[in-house]
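User: I'm new to this structure and would like to learn how to read it. Could you walk me through it feature by feature?

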Amino acid sequence: MDTTAQFDPVLMARYDVSAPRYTSYPTAPQFHAGFGETQLCDAILASNNAAPLRPLSLYVHVPFCWSPCFYCGCTRVITRDPRNVDKYLDYLHRETAMIARSFDARRPVRQLHFGGGTPNFLDFPRLETLMRDLAAHFRFAKGDDIEAGIEVDPRFADFDYVCELGTLGFNRISIGVQDFDPAVQAAVNRIQTLAQTAAVVNGARAADFRSVNIDLIYGLPKQTLDGFAQTLDQTIGLGPDRVAVYGYAHLPRLFKAQGQIESADLPGPAARLKLLGLALEKLLGAGYVYIGMDHFARPDDELVRAQAQGTLQRNFQGYSTGGECDIVGLGMSAIGRIGNCYSQNARDLPGYYMALDNGRLPVARGIMLDDDDVIRRAAIGNLMCHGFLDMQSFGSRHGIVFVDYFATELERMQQLEADALVELDSRMLRITPRGRFLMRNVAMCFDAYLPAEMQAPQPRYAQSI
C-alpha cells in the first residue's frame, strides 16, 4: 500500500458529509432487538466448530467516571460511590462465568482491552480481582502472545498505579488527553496537566509496556491553531508510540453532556480543517506514519508492520492487529463480534442487571450478517485498512464477478475517480494519496444500508472531517 497522503482542504471540505466510521459493517444503527441470547449462543457454537479454531479477544467495559467530560459520546455512569462499582463487578463476574462456559476451553485469549467510561476508576485491588476472575474462566496466552490494553484518565492515575498495571499483565495503554490548552479543558470540563500525563507515560515505560497511545481531539470548543500547535508539540515531546487525532462530533441530541457546550465556541468547518492540517503537519514531520482515519504510529509500531503485511484489521477499538480473533464483549453496552454476527449488551445498568438476575446473558440487540453483508464487510475492511481492492481475487474468494455484483457501486465511484480520490483499472481499485483522508467516503459507496440512513431526520453519524 502507498502510505503517502495528500492534504487538500478544498477537496476535503467538499466531501465533508455525515459518514460512518466503519468500525463494523453493518454499522451499529442496524443492530436490532430480534437478535438476543439464543442467536449469540448459536453463533458461539458455530464458531467453536469452525476450523481453524479462532482465538479470542476480550473487551471489558468499565462505565464509571467521576465527572462528565462534556465532549464525550461514550456510554458511562457518573458516580463517586464505590458501592456502585462493587455491585457492577459482581454482575460482571456472573456474566463472565456464564458466557465462558459456551466457548471451547482450548481457545486462547490473545487480546484483552479495557474501555470505558474510565477503566482506572477501578483501584488496584479491584482490578487485580477482576483480572484473576477473567483468567479463571478463559485461557490467556502467555508473554508476547497476548496484547493487553487499557484506557487511562491521567487525572486519576499516577506512576505507581501504571507500574502496578504492568504486574497484572497489561502491556498497552491509551491515555486520554484531548487538548492541553487550559481554555479548552475548562470548556469541556476536563482539567489535567502535562505533568499528570507525563507521569502515566513514564510509568508505562518503566513497566516495559509495548505501546503507549495518546488520544487528541480537534474541533473542540475554544480551540485555536496556536493552542493546538502547543498541544501537538507537547504530545510529540512525550514520545508516544501511537497518536490518535479524532474529530469532535457535536451531537447533543444523542449525547446529553454535549448540551453543556456552547455551539458558538466550536470551530467552524474551515477552522476544523486547519486544525486537522496542523496535526498532520506536526505528526508527519515528527516521523509518525499515517495509518488511516485518525491513527498515526511510529514506523516500527505493530500497526505499521501489519498494514505493510496486509494483516491490519478494524474493530470497535479502531485499527487492530488481531483480526483473526472473535471478540467477546463483557459489561454494560459492550459489543462483541463472533463469526458473522455482532451483539451488544444492555446499554443501561438496570437492563444489564435484570438480564443476569433472570439467568440470561445481557444481550439487548445485534445482527446476524447475511451473505451480502459478509461480502460488503470484506470490501469495506480492505479499503479502510489497506487502501485497495484486487477485484478479481476478491471476486474469486467470495464467488462473485466483482464488476457485475458491484456495478451500481462502481457507478457511484465515477465522481470520486474524476476527483482523483480513487484509481480504477480492469483489476484494481486503489485509493490514491489524495483520497487517503477520505477513506470513509470511498467505503460509503459499498454500504447497502446508507441510502436509507441518509433519509433520517437527524444525522446518526459524525461529519467525515
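Analyst: Buried means under 20% relative accessible area, exposed over 50%, and partly exposed in between, using a 1.4 Å probe and protein chains only. Before we go on, note that this is a predicted model: local features need pLDDT of at least 70, side-chain atom pairs count only at pLDDT 80 or more, and totals for chains, interfaces and linings use all residues. Residues are numbered from 1 along each chain as its sequence is written, and side-chain values use heavy atoms, with hydrogens and water left out.

User: How do I read a pair of aromatic rings, and how many aromatic pairs does the structure hold?

Analyst: A pair of aromatic rings is described by the distance of the centres and the angle of the planes. Rings of Phe, Tyr and Trp (its six-membered ring) pair if their centres lie within 6.5 Å; planes under 30 degrees apart count as stacked, over 60 as edge-to-face and the rest as tilted. The structure holds 20 such aromatic pairs. One of them is stacked: Phe31 and Tyr342, at 5.8 Å centre to centre with 20° between the planes. This pair links distant parts of the chain, with Phe31 in the loop between α1 (9-14) and α2 (37-48) and Tyr342 in strand β16 (residues 341-345), 311 residues apart. Phe31 is buried too, at 6% relative accessibility.

User: Why is the pair of Tyr88 and Tyr352 called tilted?

Analyst: Their ring centres are 5.7 Å apart and their planes meet at 35°, so the pair is tilted. Here again distant parts of the chain are linked: Tyr88 is in helix α3 (residues 82-100) and Tyr352 in helix α11 (residues 349-357), 264 residues apart. Tyr88 is buried at 1% relative accessibility, and Tyr352 is buried at 0%. Both belong to one aromatic cluster, together with Phe64, Trp66, Tyr91, Phe121, Phe156 and Tyr353.

User: Which residue lies over the face of Tyr91?

Analyst: That's Arg94, at 4.0 Å from the ring centre. The rule: a charge sits over a ring if NZ of Lys or CZ of Arg is within 6 Å of the ring centre and within 35 degrees of the ring normal. Another case is Arg314, whose charged end sits over the ring of Tyr319, 4.6 Å from its centre.

User: Now the strands. How should I read the two sides of one?

Analyst: In a regular strand the side chains alternate between the two faces of the sheet. Helices (H or I, at least four residues) and strands (E, at least two) are DSSP runs, numbered from the N terminus. Take strand β7 (residues 172-178), where 7 of its 7 residues are buried. Arg172, Ser174, Gly176 and Gln178 point one way, while Ile173, Ile175 and Val177 point the other way.

User: Which strands pair with β7?

Analyst: Two strands pair if DSSP finds at least two bridges between them. Strand β6 (residues 147-152) pairs with β7 in the parallel sense over 4 bridges, and Ile150 has Ile173 as its bridge partner.
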